[in-house]
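Please read them with the structure open beside the text.

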Amino acid sequence: MSQQPIKFAYWVPNVSGGLVVSNIEQRTSWDIDYNRKLAQIAETAGFDYALSQIRFTAGYGAEFQHESVTISHALLAATEKLKVIAAILPGPWNPALAAKQLATIDHFTGGRIAINVVSGWFKGEFHAIGEPWLEHDERYRRSEEFIQALKGIWTTDNFTFNGDFYRFRDYSLKPKPLQQPHPEIFQGGSSRAARDMAARVSDWYFTNGNTVEGIKAQVEDIRAKAAANGHSVKIGVNAFVIARETEAEARAVLDEIIAKANPEAVNAFGSEVKNAGAASPEGEGNWAKSTFEDLVQYNDGFKTNLIGTPQQIAERIVALKDVGVDLILTGYLHFQEEVEYFGQHVLPLVRELEQQREGKRAVA
Ligand SMILES: Cc1cc2nc3c(=O)[nH]c(=O)nc-3n(C[C@H](O)[C@H](O)[C@H](O)COP(=O)(O)O)c2cc1C
């Protein structure tokens, strides 16, 4: 178990429609004023990171989106400590542009930008913007080269790289990013290809929500592979948080979300994500085993079960830390109010439980 305090991130709602595909009321907004205020609330509440989303088009109810790098910069400009992770999709971005763009933002913001390299699961989106659609494992091979190129550009001069997807000749980026050795590189997925890439090149591996046992198996698999590669990788897990004064209240909210789910949109999303891990050779990807109820939350966030009282949620977070999780990525129905509530009621309990464990470890 890591002795570092577990870190917290929240999903930036830069895509319309909230994080659940349901007609339940969601007091949230994808607009910039709402998002600036949310980022300020989150940093005061003790959150370490905000994660923006990249989406060019959506056919399942999330039809308006602000671009991820742009909104990430705006949120950094509105805050002082929060790190913002900008999602970037290889294909529309190449590593020369991404490295330059993020190095500039890093300088403008005192070294607080990070990147989430997403590999793509939405074939319709690629077709809509004229991007060639690669097979599942090829998408990860490209993402891995993208990350190798980013690291090379950010850390060396006269960078030369002969990949299948990207080529550089004697290239020296100036200035290099402020953060040393480079801005943190996150990556998402669950499939074999996603895990193997994390075990070779990523600083952080983000995965969909899951049970503690499911997460433990992934963590052990990735850490063993990373160790064999002489690499180390931190783990972030998605969770949809419903924290209420009583467990019954929290469960009632989950029941209402599911009861008011929009079946047409959930099924449309479900059929699109089949292009992700279910199409990977081993069929273990992000949504390979998701039920209808799981799919009501875009990244299986109910499965992590951070649904209950602050005490129950804090205990489950520490149980995730016990199996090797370094960061919890959170989503909410009513973002501003619930991020604040989480900071006031859940986070202090997590810190208490962490301290109790440290005390026990010191005695033993
Ligand atoms: C936390 C997290 C955030 C993600 N953010 C995005 C995103 O903003 N845009 C996107 O197209 N895909 C996003 N993805 C999708 C992944 O990059 C990847 O394509 C997907 O998880 C398929 O994984 P698989 O190979 O395990 O099925 C995200 C995944 C996770 C776990």
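1. The secondary structure of this predicted model comes to 12 helices and 12 strands, where helices (H or I, at least four residues) and strands (E, at least two) are DSSP runs numbered from the N terminus. The radius of gyration is 20 Å, close to the 21 Å that the globule rule gives for 364 residues, so the protein is as compact as a globular protein of that length; the radius is taken over C-alpha atoms, and the rule is 2.2 Å times the number of residues to the power 0.38. Along the principal axes, the C-alpha atoms fill a box of roughly 60 × 55 × 40 Å.

2. On conventions, residues are numbered from 1 along each chain as its sequence is written, and side-chain values use heavy atoms, with hydrogens and water left out. Because the model is predicted, local features need pLDDT of at least 70 and side-chain atom pairs count only at pLDDT 80 or more, whereas totals for chains, interfaces and linings use all residues.

3. Of the 364 residues, 58% count as buried, a term that means under 20% relative accessible area, with exposed meaning over 50% and partly exposed in between (1.4 Å probe, protein chains only). Contact means heavy atoms within 4.5 Å, and among contacts between residues at least 6 apart in sequence, 75% join residues at least 24 apart.

4. The protein has 37 positive and 46 negative side chains, and the centres of the two sets lie 5 Å apart. Here Lys and Arg count as positive and Asp and Glu as negative, while His and the chain ends are not counted; each charge is placed at NZ of Lys, CZ of Arg, CG of Asp or CD of Glu.

5. The largest nonpolar core has 122 residues, and those with the most contacts inside it are Tyr10, Phe47, Ile257, Ile317 and Phe342. Such a core is a set of buried Ala, Val, Leu, Ile, Met, Phe, Trp, Tyr and Cys residues joined through side-chain atoms within 4.5 Å. Helix α12 (residues 335–363) supplies the largest share of this core, 8 residues. Leaving aside neighbours within four places in sequence, Phe342 is in contact with Phe8, Phe47, Val241, Ile313, Ile317, Tyr332, Leu347 and Pro348.

6. Gly343 is placed in helix α12 and is buried, with a relative accessible area of 14%. Apart from neighbours within four places in sequence, its contacts are Ala45 and Pro348.

7. Two cis peptide bonds deserve a look: one joins Lys174 and Pro175, with omega about 0 degrees, and another runs from Gln180 to Pro181, with omega near -5 degrees. Pro175 lies in the loop between β6 (167–171) and β7 (185–188), and Pro181 also lies in the loop between β6 and β7.

8. Which phi value does Asp170 have? Its phi is near 50 degrees, a positive value in a residue other than glycine; Asp170 lies in strand β6 and is exposed, with a relative accessible area of 52%.

9. Asp300 has a positive phi of about 55 degrees although it is not a glycine, and this residue is placed in the loop between α10 and β11 (307–308). Asp300 is buried, with a relative accessible area of 1%. Asp294, in helix α10 (residues 292–295), counts as buried at 12% relative accessibility and, leaving aside neighbours within four places in sequence, is in contact with Lys289, Asp300 and Lys303.
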